[in-house]
Amino acid sequence: MGSIGARACGIVLLGGALAVLPACGGGDRPKTDLQAAQINTIGVNSYLWRAALETVSFAPLVQADSNGGVIVTDWYANPANPTERVKLTVTILDQDLRADALRVTASRQVSANGAWTEAPVQAATVQKLEDIILTKARDLRRQSLKS
């Protein structure tokens, strides 16, 4: 009689485990759960991503790919200096919040006789943008840790 009780208990446990297995396959999962996970997941460091978007928000965006970690702005001319314009590309290379996980490139053009011509960008300008993004990212991280 003891072996019949143990056998019945084993069948009940096996039946319970088999009832749970179809749910693990993903076929029965609500679509909203999958969509929410896909929307909230980015392929790069979220603090760097948010800080970079915030830093280049003065210029119109051409591309913002959070999975690839690339932000590209359109040409932006400062109203105080309309004969000069810049275009920025921010690339986030890693999921870690590190200085070498960020690369900013800039193109600059000046207007001469109604035509835009390429002009050099000072290395200090690009470095300053990287520093601003890194500082904002660190601040965002600190704020989230306090919460």
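Predicted model: local features only at pLDDT ≥ 70, side-chain atom pairs only at ≥ 80, totals over all residues.
Local features require pLDDT of at least 70 and side-chain atom pairs count only at pLDDT 80 or more, while totals for chains, interfaces and linings use all residues. Residues are numbered from 1 along each chain as its sequence is written, and side-chain values use heavy atoms, without hydrogens and water.

Helices (DSSP runs of H or I, at least four residues) and strands (E, at least two) are numbered from the N terminus. Helix H3 (residues 46–55) packs with helix H4 (residues 123–146) at about 125°, the axes lying 8 Å apart. Axes are lines fitted to C-alpha atoms, for helices over the stretch in contact; angles run from 0 to 180 degrees between N-to-C directions. H3 and H4 are therefore oblique to each other. Angles under 35 degrees count as roughly parallel, over 145 as roughly antiparallel, 65 to 115 as roughly perpendicular and the rest as oblique. Contact (heavy atoms within 4.5 Å) involves Tyr47, Leu48, Arg50, Ala51, Ala52, Glu54 and Thr55 of H3. From H4, the contributors include Leu129, Ile132, Lys136 and Arg141.

Five strands form an open sheet in the order S1-S2-S3-S4-S5, with antiparallel pairing. Pairing requires at least two DSSP bridges between two strands. Strands S1 (61–65) and S5 (115–119) are the edges, each pairing on one side only. The twist averages 15° from one strand to the next. Strand S4 (residues 102–112) pairs with S5 in the antiparallel sense over five bridges. Trp116 in S5 is the bridge partner of Ser111. H4 also packs on this sheet, touching strand S3 (84–92) and S4. The direction of H4 makes about 135° with that of S4.
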